[in-house]
Amino acid sequence: MLFHSSIRKELARSFGATLVVLFTIVLTMLLIRTLGLASRGSVDPQEIALVLGYTVIGRMPTILTLALFIAIVFTLSRMYRDSEMIIWFSSGRSLGGFLGPVMRFSWPILLAITLMVFFVWPWANQQTDSLRDRFERRGDLERVAPGQFQESSSGRRVFFIDKDTADGTEGRNIFISSTENDGRETVTSARSGRIEWLDEKQFLMLNNGQRLEAAADQSSLRVSEFEEYGTQIGSSAISERGEALKARSSLTLIREPSRANLGELGWRIGMAFTAMNFVLIAVATTTGNPRAGRGGNLFFTLFAFVFYYNLLNLGQSWVASGLFSLAGYMFVLHGGVFAMTLLWFLKRHYNVSLRGLISARRTSRPVAQGARA
């Protein structure tokens, strides 16, 4: 039918253009964030593209949800502004008739959002955490770049090497500042150094240097010079961290229903319901005002998305803290939004206004009294 095909074609064009714009914006923001992490030593500079790719893939459900919402709002607002909606309404179409072609266009995207949030989202986070953990678990000397101060994996040492050889086993103008377990602070400097393996342990052998050792209470300072000094490197590994909630598979969250897991599971289920509710919200609330243009609908779209998405994130913390149960949270938030949207949709579908109901009720009272007389 012309009605269904024309709406779906315009939705496809609007969705494609919106998706490209949102993807470019999100990609730029995540690139800046990833470059900042790389400059702070949290991400391997050689793996920026991988980290960025996995991060963007993990954000795709949110991007698709917003792109679909904006596409529907822009398409319907354009039809209102160009009086196309009036033509369809005059030909016998109602607002409920637009729900069919909109849902036919939206259901593949809604299915993709659901699958991605349940399976792709944890997988992408697993890959990102794996890259970051592998980079953080490097040996201390592998973290050092010539001409830069670099912190060790334990956070107790700071290294600086002016120059090093091509194979990275020797360096010149070395500076090491460390804090011992008992609180003592030491500063070691040397003209040169090399890496040696002794009894399957890695040592940094320093030549022609000086060592300053300060007591924990700063009451004494000890200065010594050496021709050769050895210190073990890489023995302090970072502690094992538990798997992040966002990187756990959906099946694991279901099998282990702790509060934190239920909060994350509620967020993933909520993303699917959120995308569905946004489709209904777009159809039910989009109106046309030639004087306002697109600004009013765009402002409402962004405000509704930010407000609903923040409630979704807050709901995750509420379930994790035990303030709400998972079923109660889903019913109150998503069920409440669905009920209010449905009521608003029925109000516009049947063209019912509160002022009209009140005036009709007032006029019906004298008629009823006259009938009794």
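A: N208 is part of strand β5, residues 201-214; strands (E, at least two residues) and helices (H or I, at least four) are DSSP runs, numbered from the N terminus. This is a predicted model, in which local features need pLDDT of at least 70 and side-chain atom pairs count only at pLDDT 80 or more, while totals for chains, interfaces and linings use all residues. Residues are numbered from 1 along each chain as its sequence is written, and side-chain values use heavy atoms, with hydrogens and water left out.

The phi of N208 is near 55 degrees, a positive value in a residue other than glycine. Most residues other than glycine have a negative phi. N208 is partly exposed, with a relative accessible area of 43%; buried means under 20%, exposed over 50%, and partly exposed in between, using a 1.4 Å probe and protein chains only.

A positive phi is also found at S83, where the value is about 65 degrees, just after helix α2. Helix α2 covers residues 48-81, and 28 of its 34 residues are buried.

F119 lies in helix α4, residues 99-136, and is exposed, with a relative accessible area of 56%. R268 is found in helix α6, residues 259-285, and is buried, with a relative accessible area of 0%. Leaving aside neighbours within four places in sequence, R268 is in contact (heavy atoms within 4.5 Å) with residues including V117, F118, W121 and P122, as well as L245, K246 and R248.

Terms used:
The bend at a residue is the angle between axes fitted to the seven residues ending there and the seven starting there.
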